[in-house]
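Hello,

Please find the structure we talked about below. My notes follow it.

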Amino acid sequence: MIRPATLQKGDTIAIVSPAGALRDITVVEKSKAILESWGLNVYIAPHALTRNGYYSGTVEERIDDFTACLNNNNVKAILCSYGGYGCVHLLDSIAPLIAERPKWIIGMSDCSALHAACLSAGTMSIHSPQCNHLSRLPDSTAAEKLREILFGGNPAYHTTPHALNIKGAI
């Protein structure tokens, strides 16, 4: 698997809306402030805050935003603002670029379709909370693990097993 480049302070992360329109666009500005506090520059794609029915933009606008970020050498990572149905519309257009221009693609929910494209391209991606979570819980474990991965870490996860987890026998 190709691991996208480690981010450095001063690098640019883009916020895109590849699927559903945001219910609350203030989460993008709040997330931008958090990412800037990590030392990153933040680029908000032109249609990240727009609405076209259920979606953040037309299929062409969402493809344009995503491909522009993939093609921009200054953009080192792409954070999806929100999930929602619609990521599948982008796959045919962006899949070839993911293999050519590996960079961190970050999201969850229906953005898992983008993770599948990354996997097919042999490129790592980050299944992580998006702007809504980041803006509400900037000090959460999930936000800290995202930051750690972006800046080159390989986080360890430790959980205590539930008392009802009992090893079975075959």
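From the N terminus on, the order of elements in the protein is β-α-β-α-β-α-β-α-β-α-α. That comes to 6 helices and 5 strands, where helices (H or I, at least four residues) and strands (E, at least two) are DSSP runs numbered from the N terminus.

This is a predicted model, in which local features need pLDDT of at least 70 and side-chain atom pairs count only at pLDDT 80 or more, while totals for chains, interfaces and linings use all residues. Residues are numbered from 1 along each chain as its sequence is written, and side-chain values use heavy atoms, leaving out hydrogens and water.

Of the 170 residues, 45% are buried, meaning under 20% relative accessible area with a 1.4 Å probe, protein chains only.

Now the helix pair. Helix α3 (residues 91–100) packs against helix α4 (residues 112–121) at an angle of about 40°, with the axes 9 Å apart. Axes are lines fitted to C-alpha atoms over the stretch in contact, and angles run from 0 to 180 degrees between N-to-C directions.

In α3, Leu91, Ile94, Ile98 and Ala99 meet Ala113, Leu114, Ala117, Cys118 and Ala121 of α4, contact being heavy atoms within 4.5 Å.

Regards

Technical notes. Buried < 20%, exposed > 50% of the residue type's maximum accessible area, 1.4 Å probe, protein only.
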